[in-house]
Amino acid sequence: MDAPVLNVEGLKTHFFTRAGVVKSVDGVSLQLAPGEILGLVGESGSGKSVTGFSILGLIDPPGRIVEGTVRLEGRDLTTLDDKAMSRVRGKDLAMIFQDPMMTLNPVLKISTQLIETVLAHAPVSKAEARQRAIAALAMVGIPSPEERIDAYPHQFSGGMRQRVAIATALLHRPKVIIADEPTTALDVTIQSQILAKMQELCREIGTAMIWITHDLSVVAGLADRVAVMYAGRIVETGPVGAVLDFPHHPYTQGLIGSVPSHAEPGARLAQIPGATPSLSALPDGCAFAPRCAKAIGLCRREAPQIEPLGMASVACHVAQGTGGLE
Amino acid sequence: MFAFILRRAGQGLLVIAVMVVLVFFGVNVVGDPVWILVSPDMTQDQIAEVARSLGLDRPIQEQFFLFVGGILQGELGRSFVHGTPAIGLILERMPATLELALVALMLAIVVGIPLGLYAGLYPDSAPARGIMAVSILGFSLPTFWVGLMLIMVFSVMLGWLPATGRGPVGHFLGIPTSLVSWQGWVHILLPAINLALLKISLVIRLARAGAREAVLQDYVKFARAKGLGRGRIVGVHILKNIMIPIVTILGLEFGSLVAFSVVTETIFSWPGMGRLLLEAIQRLDRPVIVAYVIVVVCLFVVINLMVDIIYSLLDPRVRLSEAAT
């Protein structure tokens, strides 16, 4: 792998609430090569969105990054103050959100929202900024951008709004884009359009991307590598083909088994029993152990470390064979 | 847009008609103005003469139809007390009241919005708690008491500001106003603060609630993710969103500032419409009361219309034709 453009090491983001410490992200490490697309997969509440926001430094109190580093081209972002960080955000590091209906400010014109983003990072005239904004809209496939740019968000459909958000994120040709389930709120047809567009644009610009999703089929078609998150940790990561075709971790196996297309029509659908544990009261040992059919005694006592296994890396005593010693 | 304004004007006329009927008969129930106007040593004939000269000897329904006929010809009747046209009396006093209400409104905006924004952005900070505590006081203290306290502290004890009256009246663009001179501002400050106090508290609450809601919105997070500075996020993205409810409420409140400045005007001897109304009610000066009501209703209708137009400018999702339904 080339020198990673983004290198996250041992990231821990905890929320200090009245009810206790919620360990949303509890030791996540991931690397992103230039131009690479990483699918970050997990259930709701597994900490994948918080990972994304932590990378951008957008964690608000009571949340806080308590440990770990986020290096963008070698520079540790966790040590930057808010002002320095805002020079990185939107320029080298951009983000797209889940719900395009909420992402754009409803009372400001699209042009205002794009131009302010250009001007935040580039010392250009307003006219030049407007030209760049129009070019960005054209790039994401918005028809007649010269006229549409002066519309308000409510005059766009959901898919078009997400394109506007993507155009905003791509304005400064960022090194890394974090896409937080950007197609979840869209129709399936629009979803595939957006997916294809993102893939094409990332290739063109050379932007690396973290695609956060709970949809394995999206990851299969889009990503180069995949990281599966469970209860604030990455339990399995590796090339998409290796992880999806030969999953090692019981949770990954369960996730893949839960995709209905694998099931015989009429047969009972596979499911992972139970629910994700409360992040403020994680069990000792492996967080997945209470739901895991293969769990052994060691799983309940000691949390597994993530270790290379075949082409992937897995955090599971059973898969790693350490449990065999018992 | 034109149809919208026309429909609004129609609604306004209806409101005026209803109010005129209610007030006309309502004032008559309160008492007979003749007995207030005459002096005790007048003879029965003289009293009858007064009643006849004012048209009060006719049956009430006849008086009403005469009055309505007058209105349709643009004549609101003459004041029983002053003997001059009632509408003239009110319009003469109106600039003073409008000027007071405008300054109070400005105070509410200039003081209320920044304080409310701050309290909304840093809800757990000590200053924010202080602001909220003061706003509760502003809500709950009665206007007349605050007015008296203001006079007591700033006029009597400190001697900084005059207790009563309006400053010298100059002209600005042909409008008589006391705001052109320093003395005018010195005089208007205390009554304006008194009148504004409740509105400041209201704006603080609105701005705080709006800001607290707005900071949680995705568009604020997205604005941060775009790398915008805090000033731009607060001053443009958040402020423009919270202005929508604030403008609506303030517009309506401006009407009530004008209409109900009675207490403040009385305490500070401010020569405005409010005091005129109070005098008119005491003397059962029916034409003045009815004229006042008509003027205030007109004011409300115009203000509401303006609020709707500003609203549509602030919030692009609002179309005026929809707002009318």
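This is a predicted model: local features need pLDDT of at least 70, side-chain atom pairs count only at pLDDT 80 or more; totals for chains, interfaces and linings use all residues.
1. In chain B, helix 10 (residues 230–259) packs against helix 13 (residues 286–314) at an angle of about 170 degrees, and their axes lie 9 Å apart. An angle over 145 degrees counts as roughly antiparallel, and helix 10 of chain B and helix 13 of chain B are therefore roughly antiparallel to each other. On the side of helix 10 of chain B, the contact is made by Lys240(B), Met243(B), Ile244(B), Val247(B), Thr248(B), Gly251(B), Leu252(B), Phe254(B), Gly255(B), Ser256(B), Val258(B) and Ala259(B). Helix 13 of chain B contributes Tyr292(B), Val296(B), Leu299(B), Phe300(B), Ile303(B), Asn304(B), Val307(B), Ile310(B), Tyr311(B) and Leu314(B). As a general point, an α-helix has 3.6 residues a turn, so residues three or four places apart point the same way.

2. As a whole, chain B holds 14 helices and two strands. Its C-alpha trace spans about 85 × 55 × 35 Å along the principal axes. Chain B has 325 residues, of which 46% count as buried. Among the contacts in chain B with a separation of 6 or more, 74% are accounted for by residues 24 or more positions apart.

3. The surface and charges of chain B may be taken together. The accessible surface of chain B comes to about 16,200 Å², and 70% of this belongs to carbon and sulfur atoms.

4. Ser269(B) has a positive phi, near 45 degrees, and lies in the loop between helix 11 (262–267) and helix 12 (273–282) of chain B. With a relative accessible area of 32%, Ser269(B) is partly exposed. Leu284(B), also not a glycine, has a positive phi of about 55 degrees. Leu284(B) is placed in the loop between helix 12 and helix 13 of chain B. Is Leu284(B) buried or exposed? At 8% relative accessibility, Leu284(B) counts as buried.

5. Phe154(B) belongs to helix 7 (residues 143–157) of chain B and counts as partly exposed, at 26% relative accessibility. Leaving aside residues up to four places away in sequence, Phe154(B) touches Gly159(B), Trp160(B), Leu161(B) and Leu190(B).

6. In chain A, helix 1 (residues 48–56) is mostly covered, with eight of its nine residues buried. The buried residues of helix 1 of chain A are Lys48(A), Val50(A), Thr51(A), Gly52(A), Phe53(A), Ser54(A), Ile55(A) and Leu56(A). After helix 1 of chain A comes Gly57(A), with a positive phi near 70 degrees. The loop between helix 1 and strand 4 (63–72) of chain A also contains Pro62(A). The peptide bond from Pro61(A) to Pro62(A) is cis, with omega near 10 degrees.

7. Gly27(A) is part of strand 2 (residues 20–32) of chain A and is partly exposed, its relative accessible area being 31%. Residues up to four places away in sequence aside, Gly27(A) touches Gly10(A), Leu11(A), Lys12(A) and Gly232(A). The C-alpha atom of Gly27(A) is separated by 8.1 Å from that of Ile234(A), a residue 207 positions away along the chain.

8. Arg225(A) is located in strand 9 (residues 225–230) of chain A. Is Arg225(A) buried or exposed? Residues under 20% relative accessible area count as buried, and Arg225(A), at 17%, therefore counts as buried. Not counting residues up to four places away in sequence, Arg225(A) touches Gln31(A), Leu32(A), Glu36(A), Ile37(A), Leu38(A), Gly39(A), Thr237(A), Gly238(A), Pro239(A) and Val240(A).

9. Pro290(A) is found in the loop between helix 11 (250–258) and helix 12 (297–301) of chain A. At 60% relative accessibility, Pro290(A) counts as exposed. The C-alpha atoms of Pro290(A) and Arg300(A), ten residues apart along the chain, are 8.0 Å apart.

Conventions: Residues are numbered from 1 along each chain as its sequence is written. Chains are lettered from A and ligands numbered from 1 in the order in which they are written. Side-chain values use heavy atoms; hydrogens and water are left out. Helices (H or I, at least four residues) and strands (E, at least two) are DSSP runs, numbered from the N terminus. Buried means under 20% relative accessible area, exposed over 50%, partly exposed in between (1.4 Å probe, protein chains only). Contact means heavy atoms within 4.5 Å. Accessible areas come from the Shrake-Rupley method with a 1.4 Å probe; for residues, only the protein chains shown count as cover. Axes are lines fitted to C-alpha atoms, for helices over the stretch in contact, and angles run from 0 to 180 degrees between N-to-C directions. Angles under 35 degrees count as roughly parallel, over 145 as roughly antiparallel, 65 to 115 as roughly perpendicular and the rest as oblique.
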